[in-house]
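Here are my notes on this one, jotted down as numbered points. Have the model open while you read.

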Amino acid sequence: MPPAPMPQQQPERHPIPGVKNLVAVASGKGGVGKTTVAVNLALALVKLGHKVGLMDADVYGPNVPIMLGTLQEPQATAEKRIIPVQVAGLKMISMGLLNPGDKPMVWRGPMLHSVITQFLRSVEWGELDYLIIDLPPGTGDVQLTLIQTVAVTGAVVVTTPSTVALADVRKAIEMFRQVNVEVLGVVENMSTFKCPHCDKPIDIFGHGEGTKTAIAYGVPVLGEIEIDPRIRIGGDTGKPVAGLGESTPAAQSLYAMARAVTARLTEVSTTSSPPTVSID
Ligand SMILES: Nc1ncnc2c1ncn2[C@@H]1O[C@H](COP(=O)(O)OP(=O)(O)OP(=O)(O)O)[C@@H](O)[C@H]1O
Ligand SMILES: [Mg+2]
């Protein structure tokens, strides 16, 4: 499916008060590891000493609460603003906490647009160095609403090395470019698998193709994350590997990616002027 058509005039984007860097984690295709990357990126940034928030904006399949092992219900202030949940040293909010359980979200079109805008504007984040947003997969309405409502500093595009995922990563890069959001770079996830028996690398979905695509599009490669059952188990059990610290072997490529992301953000913020409009 091609990216949704872009509106002629781009709406004004508002920064979120107190948030220095807003990073969207996106992918053209589902299941490539967006949430895994978003959650581990957020936790690595916490461990590296930053103030971090994580917003699960995947209205259709909010998985962040599972990966962080929490079902805490967010509280509201007297002014009816949502207070994010504190978990593993970061602030987190998810549509999944506002609608816990298995009931799927059935919002569509304009309703979805207003739910997301409301959600984005109602969370009391406080001071944050980085707010990571886990987007739903694809290049449709939700993604566009999100990136056109708030001033996203940059986008991290996640892919696997397989050809089908790569076809979609191009659409994601093009979508961000069309709406003038800086693509910080591409993360090639599930890149290689190291056989635990013989230690030989096995390229289950291929290897290096995400990197080639990034180069072809002139965007940086932010990392190659191997397939590692410990990464999957960390997510499934609510204890992502990055939360265990940089010296954890399974987390090393994730920390390298986190450092690449912060370096890119520094580069982006020194080459572009900060937004001046404040949110109402
Ligand atoms: N590098 C990895 N090594 C091992 N397992 C991984 C890795 N990355 C992701 N996974 C696993 O793959 C599955 C899909 O990952 P994840 O939910 O992060 O993808 P997603 O892109 O967010 O999916 P969706 O499009 O449904 O939101 C999960 O079970 C996750 O634990
Ligand atoms: Mg996800």
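1. Start with Asp58: a side-chain N or O atom of Asp58 sits 3.4 Å from an oxygen atom of ligand 1. Keep in mind that this is a predicted model, so treat the distance as computed from it.

2. Lys34 brings a polar side-chain atom to 2.9 Å from a ligand oxygen. At Gly33 the backbone takes part instead, with an N or O atom 2.9 Å from an oxygen of ligand 1.

3. How much of ligand 1 does the protein cover? Taken on its own, ligand 1 has 640 Å² of accessible area, and the protein covers 81% of that.

4. Now the shell around ligand 1. There are 18 residues around the ligand, and those that come nearest are Gly31, Lys34, Thr35, Thr36 and Glu226. By type, the shell splits into seven nonpolar, six polar and five charged residues.

5. Which elements give two or more residues to that shell? They are helix H1 (34-47) and helix H8 (229-236). H1 has the largest share, with three residues.

6. As for where ligand 1 sits, the space it takes is the second largest pocket. That pocket holds about 300 Å³ of space. It is lined by 16 residues, of which Thr36, Met67, Met190, Ile231 and Arg232 are closest to the centre.

7. Helix H2 (64-67) and H8 are the elements that give two or more residues to the lining, and H8 provides the largest share, five residues. So what is the make-up of the lining by residue type? It divides into six nonpolar, six polar and four charged residues.

8. Away from the ligand, please check two backbone spots. Most residues other than glycine have a negative phi. Ala88 has a positive one, near 50 degrees, and lies in the loop between strand E5 (85-87) and strand E6 (90-94).

9. The other spot is Asp199, where phi is also positive, at about 70 degrees, although the residue is not a glycine. Asp199 is placed in the loop between strand E10 (193-194) and strand E11 (201-202).

Terms used: Residues numbered from 1 in each chain as written. Chains lettered and ligands numbered in written order. Predicted model: local features only at pLDDT ≥ 70, side-chain atom pairs only at ≥ 80, totals over all residues. Heavy atoms only, no water. Helix = DSSP H or I, 4+ residues; strand = E, 2+ residues; numbered from the N terminus. Near = heavy atom within 4 Å. Polar contact = N/O pair within 3.5 Å; in protein donor to acceptor, adjacent residues only side chain to side chain. Areas by Shrake-Rupley, 256 points an atom, 1.4 Å probe, with all protein chains shown as cover. 1 Å grid on protein atoms, 1.4 Å probe; cavity = no way out; pocket = protein on both sides within 12 Å on 5 of 7 lines; lining within 4 Å. Sits in = over half its atoms within 2 Å of the grid points. Nonpolar A, V, L, I, M, F, W, Y, C, P; charged D, E, K, R; others polar. Points joined across faces, edges and corners; volume = space filled by probe spheres on them.
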